[in-house]
Amino acid sequence: MSNMSNMSDKENINLSVTPKDGEVVIRHGEAIPKSFPNSLHIEGTLTAPIRFLSAKDHYDFRTSHVQYYVEDGEIMLVLNEKDNEGLIDVIKGKLKPHNYVSQWPINGSTRFSVQELIAFLKVRKYHFSKSEECIDLIKSLRNFSAKVERVIKDHNDGCGNTDFQLQTKITSMDLKNSFVLEIPLFKGYYAEKFIVEIIPESTSSGVHFCLISDEFEEIQQNRKEEIINTELNNLKHVFPCSMVQIN
C-alpha cells in the first residue's frame with residue numbers, strides 16, 4: 001500500500017490506495033445527503049396483510065404482531081416492532097362494504113312513492129335472487145297504485161273517516177310485500193340472500209314505502225365476524241405472530 005498526500009491552503013487530505021489499479025476521485029462541494037430507508041404504511045382490502053407477506057421472507061414473526069378490529073372490519077399487521085431505527089412497517093387490511101349495499105336504503109329513513117319505488121326496482125332486477133320476482137313485484141305495485149288513488153280520493157272527499165281507517169284500508173290491499181335480495185355485502189366475497197319487507201305508510205296526501213329487513217343486520221354482522229376470523233386463521237398459518245383484538 002502507498003500513502004498519498006494532497007495539501008493546499010484550504011484542505012489536507014490523506015488517502016490510502018491499492019498500488020496497481022486503484023483510482024482516486026476527489027469531488028468538491030457539498031456531499032450528497034445520506035438516505036435512510038422509510039417505514040412502509042400500506043392500506044388495502046382485508047387480504048392485504050397476507051398478500052404482502054406472501055412475497056416477503058425477511059420478517060420475523062417474533063418481533064411482529066396483529067391488531068384486529070371486528071366492529072370496523074380491520075386487520076393491522078405491525079412488522080419490525082423493535083427496530084432500533086424505528087422502521088416499523090404497518091400493513092392494514094379493511095373489509096369494505098360492496099357498492100350494491102349502499103344502493104339499498106334498508107332500515108333507513110328513505111321513503112319511496114309508488115312510482116319512485118317502481119323506478120328504483122326496475123334498474124336493480126339483477127339484485128334479486130330471481131329476476132321474475134322483481135317483475136311480479138313491479139306489476140303488484142302498479143295495480144296497488146291504481147287502487148290506492150281511489151281510496152285516498154274517497155278519503156279526501158269525506159267518504160272516509162280517520163287516517164287510521166285509511167291506513168287499515170291500504171294495508172289490507174293485495175300487495176306483494178316482501179322479496180328476496182341476493183347481493184354481496186362485502187367487496188371480494190360471495191353474495192348473501194335475505195328477505196326485505198315493503199312497509200306502506202299512508203297519509204291523506206298519498207302512500208310511501210320504506211324497506212325493512214331484520215335478516216340484513218344479523219347476516220351482515222355474522223358474515224363480518226366469519227370473514228375476519230377466517231382471515232386471521234389464514235394469516236396465523238403462514239405467520240404465527242401474536243394477535244390482539246382491539247374491539
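The model is a predicted one, and the account begins with strand 5, which covers residues 74-79. Of its residues, 6 of the 6 are buried, so strand 5 is largely enclosed by the rest of the structure. Glu-74, Met-76 and Val-78 point one way from the strand, while Ile-75, Leu-77 and Leu-79 point the other way, and residues of both sets are buried.

Strand 5 is joined to strand 4, which spans residues 65-69, by 5 bridges, and the two run antiparallel. Within this pairing, Val-66 has Leu-77 of strand 5 as its bridge partner. Strand 4 and strand 5 form a hairpin with 4 residues between them, and Gly-73, which sits in the turn, has a positive phi of about 65°. Strand 5 also pairs with strand 6 in the antiparallel sense, over 6 bridges, and there Glu-74 stands opposite Lys-94 of strand 6.

Positive phi values also occur in residues other than glycine, at Asn-80 and at Asn-107. Asn-80 lies in the loop between strand 5 and strand 6 (89-94), whereas Asn-107 lies in the loop between helix 2 (99-103) and strand 7 (112-113). The table sets out the values for these asparagines.

| Residue | Phi | Relative accessible area |
|---|---|---|
| Asn-80 | near 60° | 22%, partly exposed |
| Asn-107 | near 60° | 30%, partly exposed |

Methods: Residues are numbered from 1 along each chain as its sequence is written. This is a predicted model: local features need pLDDT of at least 70, side-chain atom pairs count only at pLDDT 80 or more; totals for chains, interfaces and linings use all residues. Side-chain values use heavy atoms; hydrogens and water are left out. Buried means under 20% relative accessible area, exposed over 50%, partly exposed in between (1.4 Å probe, protein chains only). Two strands pair if DSSP finds at least two bridges between them.
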